[in-house]
Amino acid sequence: MAQHPTDEPTRGRHRTVHPGLRHPVVDRRRFLTYLVAGSTLTVAAKLGVDTLAPGSASAVPTPSLPQPADLQDLGDVLILAGRPTDALLFTVEVTEDGRVRAELPRMEVGQGLTTAVAMLVAEELDLPLDRVDMPLAPARPELLMNQLTGGSNSIRSVYGPVRAAAAAARARLCGAAADRWGVAAVGLRTEGGRVLAADGRSAGYGELTRLAASLPIDELVARPKSPSEFTLVGTPQPRVDARAMVTGAFTYTLDLDIPGATPTMVRRPPTINGTVEQVHNEDDVRAMPGVLDIAVIETGVAVLAETFGQALDAVTALDVSWGPGTVDDLSDAAIRDELRRATVPLAPPISLPNQLDFEFDWAPISHAPMETNSAVADVRGGKAEIWGGMKSPIVAQQQIAKELGLPPGKVVCHVVQAGGSFGRRLFWDGPLEAARISRATGRVVKLMWSRTDDMRHGRARPPAHHRFRATLGPDTVLRLEHHAAFVETDWTHGLGEILTATTAELPGGNLGFAQSVFTLTVKSPYNFGAVEQVLTEAPINMHTGAWRSVYSVSSRGCEEIVVDAVAAKLGKDPYEFRRAFLKTDAQRAVLDKVAEEGDWGRSMDDGFAQGIAFHEEYRSRTACLVEVDGRDPRAPRVTKAVIAGDYGLPINPRGLKAQLLGGLTDAISVTLRAGLHIDKGLPLEGSYSQFHYARQADSPADVQIFILPGESEPGGAGELGVPAAAGAIANAYARATGITPRSFPINFPVDFEPFPR
């Protein structure tokens with residue numbers, strides 16, 4: 001086997017694996033005495049130069065104090081924000097046919113949330129899962145900050161309230177049976193959707209629902225089950241909506257049969273945030289087959305037609321003079337230069353002999369969900385009704401009402417399950433645009449964005465630049481500095497309602513949100529002594545938004561590359577080095593699992609290599625080991641992946657595995673090939689054929705995913721899977737090719753002919 005120049009002959013062969021380590025139970029409602037203290041956290045005293053000289057001490061990690069995200073993360077903040085309305089969150093309805101219906105005040109976008117929450121309801125009610133109906137709730141302003149889907153927060157925030165509501169329904173049903181039979185409720189039990197008495201009598205839930213609804217509340221005792229009593233939760237279950245999806249029976253926004261809804265598309269400007277100056281051939285376009293109306297709106301020129309094909313032909317035929325956009329003079333190189341200037345310099349500016357410096361660039365990433373932006377809007381008669389995918393429907397309702405000049409009570413926002421999001425649908429761009437067109441034309445509008453619209457004018461994870469410095473001591477890391485700059489990320493959805501959304505729009509408000517999210521999500525899991533993390537933002541007016549894992553993919557992915565480099569400098573095996581410097585047994589357990597199952601350090605042919613990485617976020621943790629075929633550095637391929645996840649109490653292990661598999665696919669994409677090229681104010685990519693997201697052929701045939709058992713409350717799932725996989729892929733690529741990546745995606749040519757603007 002050919003070895004990397006820094007490899008030792010026994011590189012990668014682990015000596016001892018420590019499986020089965022359990023993590024301690026942590027009180028996740030513990031409040032922080034400090035939360036966000038500016039953009040910098042230094043967790044140990046600064047070290048004098050005289051303390052940094054090499055020595056002969058044994059390898060002992062330099063302890064790091066907890067960072068804010070260790071004590072209270074973004075999910076905890078969202079849970080606290082929603083706490084005042086938890087009692088309003090769920091209503092469980094038992095129907096006379098013995099089914100249970102509970103509206104979900106979060107949005108399903110393919111993450112399996114409806115299945116997991118339905119499992120919690122079925123568990124508490126001892127009911128078959130297929131008898132639980134879980135429609136999505138419309139915007140409910142009374143919930144205030146408690147209807148936002150994001151931050152890996154959904155299961156964490158509903159876990160208690162949904163169990164309490166279902167347990168209350170179970171108590172009422174038992175109370176009704178006890179009243180009917182003249183027995184004590186304490187002696188009854190539930191099973192299979194029935195209440196059972198010790199003497200053999202039983203009654204179905206449907207028989208009892210009317211009586212149960214009339215019982216005095218104060219006479220009932222409702223106590224959710226202990227996790228030790230769970231029989232459904234914790235078992236792998238298929239998604240409740242899987243069959244409808246794969247058979248085409250599922251109803252998305254554009255499948256809705258709303259009376260009078262008119263197919264609508266928009267001709268958009270040739271640069272981001274361009275404006276309409278004049279439409280030169282409106283009469284000719286109005287005369288085209290099927291065209292019903294044309295309207296100029298803030299974001300372009302809308303065409304309503306009898307079919308979407310006719311609408312597309314018409315928008316293509318429009319001859320429009322456009323005003324300038326907000327980034328017309330910017331392309332990739334200029335954006336990178338601005339980000340580098342915005343990144344806080346390291347001090348001293350020249351690295352000392354015991355310091356390792358690193359710089360990384362990341363391109364912008366389209367959210368690129370399978371379902372493009374779409375919405376149906378009916379704005380007539382002094383009221384509005386909107387249908388669409390909205391992860392923050394309360395603020396969507398409030399902002400659309402403000403735009404239309406209507407009282408919020410006159411605007412109804414129906415939340416429709418969407419085909420993907422990854423953070424994209426935290427904003428209501430499609431519903432708002434549809435409402436504007438409906439108001440302008442007086443018609444019911446069924447709006448569809450084309451794929452090119454979505455790629456070029458949709459939101460994207462902003463580009464970023466990172467600087468790292470690791471200061472080394474004898475066999476240890478004494479200090480880790482991380483300075484990051486991102487193009488400004490739009491946080492004007494706030495916490496899901498108009499007050500915090502308006503705060504984010506105030507001068508400095510958006511930056512305050514950015515600093516808070518960065519501080520409450522990005523943390524180093526290693527004992528690297530004094531840890532400093534700084535975020536700055538470049539005020540470039542692009543369409544941005546939180547993309548899966550927000551700041552963590554590039555921040556933690558890059559840190560994992562740094563960890564490999566530090567291990568090599570100190571002559572340590574990457575796995576053993578991580579194991580020694582991780583802070584907790586729970587962290588080491590997932591790392592040990594992938595090292596053992598993935599046979600870390602096994603001999604491999606020239607051009608092939610393994611990479612390993614770790615990540616912890618939202619009270620969950622994961623490790624990833626990948627193998628990469630790097631024989632052609634311009635066309636690398638991940639051939640194998642072993643992933644372990646610890647989410648605390650796993651609700652649906654099958655769903656959690658799917659989240660980690662999706663994270664692996666995202667990491668393969670954005671680490672190796674997928675990104676957006678900005679050219680004179682517009683992304684060049686206009687389709688999946690140009691935006692090189694991973695295809696089936698890019699995915700490893702050998703993927704093993706392990707969900708470790710846990711007993712604490714559930715941790716976050718959606719964000720967890722990408723950062724460790726990105727770091728592992730980059731590290732494997734470096735070892736396989738001898739090329740150390742510093743710009744991502746690694747292979748990023750413009751190998752296509754861009755569509756016309």
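How many nonpolar, polar and charged residues does the lining of the second largest pocket have?

Modeller: This is a predicted model, in which local features need pLDDT of at least 70 and side-chain atom pairs count only at pLDDT 80 or more, while totals for chains, interfaces and linings use all residues. Residues are numbered from 1 along each chain as its sequence is written, and side-chain values use heavy atoms, with hydrogens and water left out.

By class, the lining of the second largest pocket has seven nonpolar, 13 polar and twelve charged residues. Here Ala, Val, Leu, Ile, Met, Phe, Trp, Tyr, Cys and Pro count as nonpolar, Asp, Glu, Lys and Arg as charged, and the others, Gly among them, as polar. The search uses a 1 Å grid over the protein atoms alone: a pocket is an open set of points with protein on both sides within 12 Å along at least five of seven lines, whereas a cavity is a set of points where a 1.4 Å probe fits but cannot get out. Lining residues have an atom within 4 Å of a point. Grid points are joined across faces, edges and corners, and a volume is the space filled by probe spheres set on the points.

The volume of the second largest pocket is about 890 Å³. Its lining comprises 32 residues, and those nearest the centre are Asn273, Asp429, Arg459, Asp490 and His543. At least two lining residues come from each of helix 10 (393-404) and helix 11 (429-441); helix 11 gives the most, with four residues. Helices (H or I, at least four residues) and strands (E, at least two) are DSSP runs, numbered from the N terminus.

The volume of the second largest cavity is about 90 Å³, and the count of cavities of 30 Å³ or more comes to eight.

Leaving aside residues up to four places away in sequence, glycine 274 touches Pro269, Gly323, Pro324 and Gly325, contact meaning heavy atoms within 4.5 Å.
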